[in-house]
Amino acid sequence: MLVNSFESSGNFLFKYRGQIPIVLFVMAFFFIFNTNYGCCSKQIILILKAVSIGISIIGFGIRFYAIGSTTVGTSGRNTKKQVAEMLNSVGIYSVVRHPLYVGNYFIWLGIVCYTMNVYFIIIFSLLYWLYYERIMFAEEIFLITKFKEKYKNWASQTPAFIPN
């Protein structure tokens with residue numbers, strides 16, 4: 001079944017989610033060296049690069065807040081399997097179900113925007129969505145199995161990635 005395939009691939013990607021930055025860095029260098037910046041003045045380029053850095057800083061802020069306000073045993077750097085002693089549904093987790101991945105997206109979006117290549121921004125966003133959609137799916141299957149109705153009630157009121 002497709003559900004099993006999504007869960008299986010999500011668990012695999014969850015286990016190796018720390019390696020995605022290596023792929024992004026390699027892609028970023030390719031796009032940096034193959035992007036024509038001749039259409040913009042140096043001032044505009046500096047402004048766009050400053051905005052890119054600001055986007056990444058916002059991402060770090062989201063991650064710092066999520067990590068700093070997360071109860072022990074609910075989220076972590078675990079890579080072998082899903083772990084949760086309790087359901088984290090307060091603070092930033094009352095705004096989105098996956099704030100760490102939202103933070104990651106903004107961190108990487110800033111880096112990708114720094115290349116000032118529209119194609120790379122689009123490619124990155126699509127790949128990020130496909131990659132993390134599977135991971136979020138696997139995490140949610142785990143949480144539904146563990147917390148049942150409590151998770152379903154919270155998830156029905158809290159968006160996965162984009163806040164209301």
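**Entry 1. Contacts and ground rules**

I count a contact when heavy atoms lie within 4.5 Å. With that rule, I looked up how far apart in sequence the contacting residues are. In the protein chain, 80% of the contacts with a separation of 6 or more are between residues 24 or more positions apart.

I noted that this is a predicted model, in which local features need pLDDT of at least 70 and side-chain atom pairs count only at pLDDT 80 or more, while totals for chains, interfaces and linings use all residues. Residues are numbered from 1 along each chain as its sequence is written, and side-chain values use heavy atoms, with hydrogens and water left out.

**Entry 2. The whole chain**

I looked up the secondary structure and found five helices and zero strands. Here helices (H or I, at least four residues) and strands (E, at least two) are DSSP runs, numbered from the N terminus. The order from the N terminus is α-α-α-α-α.

The C-alpha atoms fill a box of roughly 55 × 35 × 25 Å along the principal axes. The accessible surface of the chain is about 10,200 Å², and 69% of it belongs to carbon and sulfur atoms. Accessible areas come from the Shrake-Rupley method with a 1.4 Å probe, and for residues only the protein chains shown count as cover.

Of the 164 residues, 37% are buried. Buried means under 20% relative accessible area, exposed means over 50%, and partly exposed is in between (1.4 Å probe, protein chains only).

**Entry 3. Helix H3**

I checked the length of H3, which covers residues 42–68. Its 27 residues reach 38 Å from the first C-alpha to the last, close to the 39 Å expected at 1.5 Å a residue. The expected span is 1.5 Å times one less than the number of residues.

Which residues of H3 are buried? I found Ile-45, Ser-52, Ile-55, Ser-56, Gly-59, Ile-62 and Ala-66. These buried residues pack against H4. Ile-57 also lies in H3, but Ile-57 is exposed, with a relative accessible area of 54%. The C-alpha atoms of Ile-57 and Gln-43 are 21 Å apart, and the two residues are 14 apart along the chain.

**Entry 4. The loop between H4 and H5**

Thr-115 lies in the loop between H4 (99–114) and H5 (118–157). Thr-115 counts as buried because its relative accessibility is 1%. Leaving out residues up to four places away in sequence, Thr-115 touches Ala-28, Phe-31, Ile-32, Thr-35, Tyr-37 and Phe-120.

Met-116 is in the loop between H4 and H5 too, and is buried at 18% relative accessible area. I wrote down its phi, which is positive at about 55° although Met-116 is not a glycine. Most residues other than glycine have a negative phi.

Lys-148 also has a positive phi, near 50°. Lys-148 is found in helix H5 and counts as exposed, at 52% relative accessibility.

**Entry 5. A pocket**

I looked up the second largest pocket, which has a volume of about 180 Å³. On a 1 Å grid over the protein atoms alone, a pocket is an open set of points where a 1.4 Å probe fits, with protein on both sides within 12 Å along at least five of seven lines; lining residues have an atom within 4 Å of a point. Grid points are joined across faces, edges and corners, and the volume is the space filled by probe spheres set on the points.

Which helix gives the most to this lining? H5 does, with six residues. The lining residues include Tyr-105, Trp-129, Glu-133 and Phe-161. I sorted the lining into eight nonpolar, one polar and one charged. Ala, Val, Leu, Ile, Met, Phe, Trp, Tyr, Cys and Pro count as nonpolar, Asp, Glu, Lys and Arg as charged, and the others, Gly among them, as polar.
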